[in-house]
Amino acid sequence: MTARTTTEIPSDLRGAFERFPFQGAEGLHTPELGDLEKAYLSECIDSGFVSSVGAYVDRFESELASFAGARFAVATSSGTTALHLALLAADVKPGDLVLVPAITFVATANAVSHCGARAVALDVEEESMGLNPKGLSEFFDSQTTRGPDGTRLHSATGAVVRAVIAVHVLGHPCDIVAIAEVCERFGVPLLEDAAESMGSFIDGIHTGLFGFAGIFSFNGNKTITTGGGGCVVTNNPVVAERVRHLGTTARIPHPFEFDHDVVGFNYRMPNLNAALGCAQLERIPALLSAQQEIYRSYLGHFQDVDSVEVVSQPDGRQSNYWLQAIRLRHGGREARDAVLSLGAELGIPLRPLWKPIPLVEAYRDGGHEDIPVATAIYDSVVCLPSSPAIIRPASSTLPEAGT
Ligand SMILES: Cc1ncc(COP(=O)(O)O)c(C=O)c1O
């Protein structure tokens, strides 16, 4: 339930919501599933290979790698488990620190906690809502020193800053080139949480490929879905192998013996989910163009409403426009809550951005940096219905089963 508030909504904004272009939209981002998915799922069931080994897993991984232009893609049971495995591949250990942006879904910080490490949140930049490279550089300069083995040590606690995670919020690429340069300068590995940014590029390079690894999520609300699932993309064969090994119970390859060299995880994507993923990958051009079209439609719809701006891709970076959003220019959290309440009244599924990590109850005592920009963004952004199906009938321009 959204909180009731007495804040006035400007009449042009109220009017824009009353004439909302996608009345009856269900959910924020629902998947498009059809005959192709049914055909692949049924083929998978007929094959008997429904678990974590099978032809669809191999095919999905190879098609993912080629879509992203990565040397390797390792499919996992979720984006969160992909993050966990990638962090383990970077040797993140209990007691380490991992720097994360204040604005992200809680899974980014959870994956750090699953390693026994501590997620420390830094502020974000205004335009992309992603980690601010300047703030990152200042953090390293003022709060860390170089350890004897070349690692970065957090001066206050003596903990190793083992990795940085950058997130492409709502699909919009953050300033990853500058972030990668800072990480390189201070010798700290960079992982990209590209859970939301499949189909987002910078200078022709897919998000997820600027650090040692990146991850995607295929949760039901993402650009493509496998029901639940994720993957790690990387150009580094050692990272790919480590992720695959740890996610497959760390089993030592052998024709029949079951032995395991470390404590591993059962994080592999089942073949059944990969079958869904293969069908969804065939739709990705249509899904991405629908997301663009929804963005353009909102841009037109809100163009004369002075009190808001539609959130757009940062200059010079290509967003997949996964989730559309507006930003209120005035009024802070009360004004945002008034708009969310209006959405509930009109039956429009509007949502706030996730609570910044330092404000999330589970992470309140994390020793985070000040986050004025993230807080202002959280207070002013409203996410809009973004399901591809709202822009066109589900069956149009989509590949049919067997084609
Ligand atoms: C930024 C971000 N990171 C990580 C995740 C976790 O992915 P999953 O839900 O597949 O575990 C999500 C989405 O759910 C996300 O939006």
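Predicted model: local features only at pLDDT ≥ 70, side-chain atom pairs only at ≥ 80, totals over all residues.

Helix H4 passes helix H8 in a right-handed crossing, where right-handed means that the near helix is turned clockwise from the far one by less than a right angle, and left-handed that it is turned anticlockwise. Residues are numbered from 1 along each chain as its sequence is written, and side-chain values use heavy atoms, with hydrogens and water left out.

Two packed helices are described by the angle between their axes and the distance between the axes. For H4, residues 79–89, and H8, residues 237–247, the axes come within 9 Å and cross at roughly 120 degrees. That makes H4 oblique to H8, given that under 35 degrees counts as roughly parallel, over 145 as roughly antiparallel, 65 to 115 as roughly perpendicular and the rest as oblique. The axes are lines fitted to C-alpha atoms, for helices over the stretch in contact, with angles from 0 to 180 degrees between N-to-C directions, and the helices (H or I, at least four residues) and strands (E, at least two) are DSSP runs numbered from the N terminus.

Which residues of H4 meet H8? They are Leu85, Ala86, Leu88 and Ala89, and on the H8 side the partners are Val239, Arg242, Val243, Leu246 and Gly247, with contact taken as heavy atoms within 4.5 Å.

Let me turn to strand S10, residues 213–217, where 5 of the 5 residues are buried, so the strand is largely enclosed by the rest of the structure; buried means under 20% relative accessible area, exposed over 50%, and partly exposed in between, with a 1.4 Å probe and protein chains only. Ala213, Ile215 and Ser217 point one way from S10, while Gly214 and Phe216 point the other way.

Glu192 has Gly214 as its bridge partner in S10. With strand S11, residues 230–234, S10 pairs in the antiparallel sense over 4 bridges, and there Ile215 has Val232 as its bridge partner.

Finally, Arg392 lies in the segment after strand S15, and this arginine is buried, with a relative accessible area of 13%.

Terms used:
Pairing = 2+ DSSP bridges.
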